Amino acid sequence: MSVSNLLENWAQVRHEHPNNDKPHDPYKWAMAIDLDACTGCNACSIACYAENNIPVVGKERFQHGQQMHWMRVERYWDEDGREFPDQGFQFLPMMCQQCEAAPCETVCPVAATNHTADGLNSQIYNRCIGSRYCSANCPFKVRYFNWYDYPTDEMVWPAEMQQQMNPDVSVRSKGVMEKCTFCVQRLSAAKVKAKGEGRIVAEGEVQTACQQACPTSAISFGNLVNPDSRVHKQWAAQQVELDKDKQAKNEEEEASELRGYRILEELRAYPSVMYLERVRESAV
Amino acid sequence: MIDSGSVKQMAGHPFDRRDFLKVLGWSGAAVALSGCGNTSVEDGRETVVSYVEANDYMVPGVGVYFNSTCAQCDAGCSINGRVREGRVLKLEGNPDSAINKGRLCGLGQAGVQHHYNPDRVREPLLRNGNKGEAISWEKAYALIAEKLAGVSGEEIAFLSGGVSGHLKVLLGNYLDSLGTKNHFVYEAIAPSVVRAANLKAFGVEMPRYRFDKAQVVLSFGADFLGSWVSPVHFSQQYAQFRKGVNGQRGVLIQVESKMTLTGANADRWLAVKPGTEGVLALGIINALGMATGEVAELVKGYDKARVSRETGVSTGQIDKIAALLKLRSPSLVLAGNAAEGYAHGSQNAAAINLLNQVLGNVGKTIEAPVSVPFPQMVPSKGNTVALKNMNDGLAAGKYKVVFNFAANPVFTAPGAFKFKDNFAKAGFKVAFAHYLDETALQADLVLPLDSALEDWGTQVPEYMTEGAQINIQQPLMERLHANTRGMGDILLGLIKQKKADEYKGFEDYYAYLRGAVLQNKGALGGGGVEDDTFWNDTLTQGIVKLAGTTTSLAAHASAAGLVLPAAAEADEHFPLHLIPGVTASLRDGRHTNQPWLQESPDPLTTIVWDSWVEIHPKKAAELGIVEGDIVQVTSKTGSVKAQVYLFPGIHPEAISIPVGRGHDAMGRYAKGYGVNPFQIMDAVFEAATGELAMHETRVKISKTGQRVLVVKDEGSAGALQMGRKIAGRVSTDQVDLSKEV
């Protein structure tokens, strides 16, 4: 894409979501994660490494903050003044929230990260020039930069290990930004197959790697515009609307008995991931 | 997904498994399977089958899935391996398994890194001084025959990890042919004391636990979500338990001195003084006021004040727990590693089982287990008594020939055993190994094994769920290295040295396995089905489901013989308890060389690639220690140095070091990372069973003056959300779960 072409077509590259200039039809991929089911076991994270050819950077680079885990499990304990975490820790699987109005997209000088019609925040590796503006502007800190040429690193991917790589996912070279894609290779395969059969992808036909691995089924993923999808039903039951930065249920006088929320909603990034609060028993 | 579609297509078209292997790319597969002749991936290159003629299930660019069984731990999860162009790429759960129902933990998924590990042993190696010299298999077999000649059964020892299925049968037959009874089945981390206590209380070693039926789970240190018995299965039941019935969510209370992954998910986590789990259990029975007769008599002395004083749990908390257990029934009470790891571990477990019985849980959330109707195939369960017995024999110089398989005792034996020195006293040491681990390095002959994704086998899980099952293990791809062999093939080769006539009908282990399965076709649910059809169906499914036999469950937990010792005296020289931390991904350290596991942050501390000493912030302040200080941890047996991590989820009188790291062998991803707390473990034994009491080691710590930056995933804010709602939390009285999808 030349610069003039880019400027001319800026509105196409950077159309406003989640407003109606481009309705999500027939797909809007979204997620719901139940933090009460999440045990923090890391199966999702390792599944992501296996599926998406994520490099294992090693101890020293990890210390420099160069780890590449697209899916990480954060853990919190912040009940100040308590001697013990006597209600357990709080775990939170965190990956790209596929924001509808993604702060990372607006700052990319070369439009290497942009929005797809099915509601993904996509990263075009061979357009990326490595300015890292996107990472700086991401409120969730889920973008990972290739400081090294990992595919040629003998410690990261010795010849034997290279045979494990998923041929459906490109490897990334030095100087390129990467992040969770909602397993776009799986989505594409499913979409192509469905299109060939003259239909849209059905509920349950495609799973992300993290969702598939999760031992407690804490993660649901699907097409938000499909009223039959579990993810649509969950968002609806929790009264979380994609295009709101303040949910109506939180404005009501009576406190809501629903536990669906989006992280840092007030920043108006309109994330595509809804979390369900962790529940703790009040009787003990 | 296209890939999933192709699995379904395949399910309807059974095909010849060996044919599949042939077209994987290299025609050497059949020869390789036969277990004789050296084939490398380069051999027969000229006969590579062109894709133009490939079978209809081989479409370039499309993955096909084959069922097998995860070998990363003994839980027996069924896997679905994604294979493309002859290479296995990813392991997923098999949805048809009642154990893992399509799910797979991180440890299981890292199985591909076991297979593709660059540090696998590739040739039979014979010790020559300090080096291993590559030799041929023929020479290796001949050498074993030579060393066994004239050696009596008494002078042979075979150490192995837990084995089951046909491999167990074959191994048993081999040991019979050698005339030895010295089979030591050793697992460094196993619920052996709990098994013994269960056998006493319920008549079975491992009943079926129904988390999904329980309204309250009270766990004394059982890390069932992380590393205990069958974590993926339990995690699924846990999810159901949390959803509950009619919005009545299950409540988890975890009692332990060092927080486990399960503890981190508890509604209430209680830090008890190390070793007082049984006291708390009896205190709860007392507070319930439901016991009668001799049980009431037993718990009479365990009033709240005393129990609170001994355990450190407040009287108010004991009341709340008792009230909740009374209100919500059935419940489930579990005894785990932390309860059984003391010299009085059996007593702790007995007290906990008694609480189950008083609450009426037996028969409700504790059910009779099923087992396969073939007793010769049920798993032989490893324990630490076996290691001790073998170690005693080694120390006495009893053994002329020693075999080691699926265990790494030089790494996992407690330092006080001096196992490495004793092992050196054995005459001729043979290790069957995937990697040159600490034990293989001490061996005289190392025989390289096929990876779990290259080998044939059957596996019977100890813990089964709905009905019994025999799991099938089959190659997901051609051998990566031409000169490795399957354990079954090696055993068959060895047994033929002794009983050539009896086994001459079996060309290889595959033939043995196929023969054995087809011989029992009727009992395996294949009565009246063609042999080939049944065999192919079995391989396609990867699981043989059986009706199974149910052992009946008793409820004879009793107060008889239940005596808890007085609280342990503080040891002024070694004031702290050492708790060996068992993590979900590293377990006893046999998979530490899988880089995904090294770089997967510990869920609780978020530390990667290293060991740490967990210490309560209060204790650390007292000792003037801060995060990253390198401290020396000294026990009666030895000492290690490691970085400190301040961790609130530990009792101030204890410290914890995770096991699994600290290898000085096992290749580039394991060697030199962290320390091995097994090395400083004292030899203290559980009184009733003789098992190693892993929580009994006492230590002192001292600063070394060095400090490092702890390499961890946790950000600069530590565990704090700084007032923002990132990980949200709500209490049960503020939420209505019944409306949820």
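In which sense do strand E11 of chain A and strand E28 of chain B pair, and over how many bridges? The structure is a predicted model, in which local features need pLDDT of at least 70, side-chain atom pairs count only at pLDDT 80 or more, and totals for chains, interfaces and linings use all residues. Residues are numbered from 1 along each chain as its sequence is written, while chains are lettered from A and ligands numbered from 1 in the order in which they are written.

E11(A) (residues 278-280) and E28(B) (residues 729-731) pair in the parallel sense over three bridges. Pairing requires at least two DSSP bridges between two strands; helices (H or I, at least four residues) and strands (E, at least two) are DSSP runs, numbered from the N terminus. Within this pair, A:Val279 stands opposite B:Val730.

The contact between the chains takes 73 residues from chain A and 79 residues from chain B, two residues being in contact if their C-beta atoms, placed from the backbone, lie within 7 Å. On the side of chain A, helix H3 (residues 43-52) gives the most, with seven residues.

Within chain B, strand E16 (residues 428-433) has six of its six residues buried, that is, with 20 or more other C-beta atoms, placed from the backbone, within 10 Å of their own. In a regular strand the side chains alternate between the two faces of the sheet. In E16(B), B:Phe428, B:Val430 and B:Phe432 lie on one side and B:Lys429, B:Ala431 and B:Ala433 on the other, all buried. E16(B) pairs in the parallel sense with E15(B) (residues 401-405) over five bridges, where B:Phe403 stands opposite B:Val430. Four bridges join E16(B) to the parallel strand E17(B) (residues 445-448), and here B:Ala433 stands opposite B:Pro448.

Notes. Buried ≥ 20, exposed ≤ 12 C-beta atoms within 10 Å, placed from the backbone.
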